[in-house]
Amino acid sequence: EVLIQGLVKLPDFNGLHGVVQALDADSGRYDVLLSSPAGSCGWRWVKVKAENLRPTLPPPPRNAPTLSMDITDASEEGAGPPEGTALATTPSAPASVPQTPTWDDQDVGEPQVDPKTSATPLRLNALV
């Protein structure tokens with residue numbers, strides 16, 4: 001969604017909102033579908049230069065999203081919260097989630113080789 005601003009020839013369109021539908025490469029203007037009819041003719045489509053368009057943010061959602069880190073077994077009868085109830089918002093991370101590694105956790109000088117595989121580590125000798 002965009003806001004039209006800075007028009008000199010047709011200032012009545014300044015402040016109107018619309019949605020960019022396409023770029024008309026021949027004229028260098030964007031085809032904008034207005035949110036409501038405008039002007040004396042009730043125009044819905046206008047062609048506007050990029051410098052006269054400002055992107056706008058969509059309105060926030062009506063209900064704030066909730067996040068639940070609880071693990072539930074989907075195989076249980078009636079798994080999940082009862083209909084019409086909110087999910088728990090207390091962050092309780094499962095114990096099986098590993099911690100994020102840091103550079104200090106590894107020796108970056110030597111490549112790490114998995115002892116279960118017999119592959120020889122590949123070393124880069126030249127840049128192409």
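This is a predicted model: local features need pLDDT of at least 70, side-chain atom pairs count only at pLDDT 80 or more; totals for chains, interfaces and linings use all residues.
A nonpolar core is a set of buried Ala, Val, Leu, Ile, Met, Phe, Trp, Tyr and Cys residues joined through side-chain atoms within 4.5 Å. Buried means under 20% relative accessible area, exposed means over 50%, and partly exposed lies in between (1.4 Å probe, protein chains only). Residues are numbered from 1 along each chain as its sequence is written, and side-chain values use heavy atoms, with hydrogens and water left out.

**Stop 1: the whole chain**

Display the entire protein as a cartoon. It has five strands and zero helices, where helices (H or I, at least four residues) and strands (E, at least two) are DSSP runs numbered from the N terminus. Along the sequence the pattern reads β-β-β-β-β. Of the 128 residues, 11% count as buried.

**Stop 2**

Return to the cartoon and select the five strands. They form an open sheet in the order E4-E3-E2-E1-E5, with antiparallel pairing. Two strands are said to pair if DSSP finds at least two bridges between them. Strands of a sheet pair through backbone hydrogen bonds, either parallel or antiparallel. The edge strands here are E4 and E5, each of which pairs on one side only. On average, neighbouring strands are turned by 45 degrees against each other, direction ignored; the axes are lines fitted to C-alpha atoms, for helices over the stretch in contact, and angles run from 0 to 180 degrees between N-to-C directions.

**Stop 3: two hairpins**

Select E2, residues 17–24, together with E3; these strands pair in the antiparallel sense over six bridges. They form a hairpin with four residues between them, and Gly 28 in the turn has a positive phi of about 75 degrees.

Next, select E3 with E4, which also pair in the antiparallel sense over six bridges. In this hairpin, four residues again lie between the strands, and Gly 39 takes a positive phi near 80 degrees. Two cross-strand positions may be highlighted: Leu 33 has Trp 45 in E4 as its bridge partner, and Tyr 30 stands opposite Val 48 in E4.

**Stop 4: Asp 31**

Select Asp 31, which is placed in strand E3. Is Asp 31 buried or exposed? Asp 31 counts as buried because its relative accessibility is 17%. The bridge partner of Ala 22 in E3 is Asp 31. Show the side chains of Asp 31 and Lys 47, which make a polar contact at 2.6 Å. A polar contact is a pair of N or O atoms within 3.5 Å; within protein, one must be able to donate a hydrogen and the other to accept it, and residues adjacent in sequence count only if both atoms are side-chain atoms.

**Stop 5: the nonpolar core**

Select Val 2, Ile 4, Phe 13, Val 32, Leu 34, Ala 38, Val 46, Val 48 and Leu 53, the nine residues of the largest nonpolar core. Strands E1 (2–4), E3 (29–38) and E4 (43–49) each supply at least two of its residues. Which strand gives the largest share? That strand is E3, with three residues. In soluble globular proteins, nonpolar side chains tend to be buried together.

Centre the view on Ile 4. Leaving aside neighbours within four places in sequence, the contacts of Ile 4 include Phe 13, Leu 34, Val 46, Val 48 and Leu 53, where contact means heavy atoms within 4.5 Å.

**Stop 6**

Select Asn 52 in the loop between E4 and E5. Asn 52 is counted as buried because its relative accessibility is 11%. Not counting residues up to four places away in sequence, Asn 52 touches Leu 3, Ile 4, Gln 5, Gly 6 and Leu 7.

Finish at Thr 56, in the segment after strand E5 (53–55). Thr 56 is also buried, with a relative accessible area of 18%. Beyond its neighbours within four places in sequence, Thr 56 is in contact with Glu 1, Val 2, Leu 3 and His 17.
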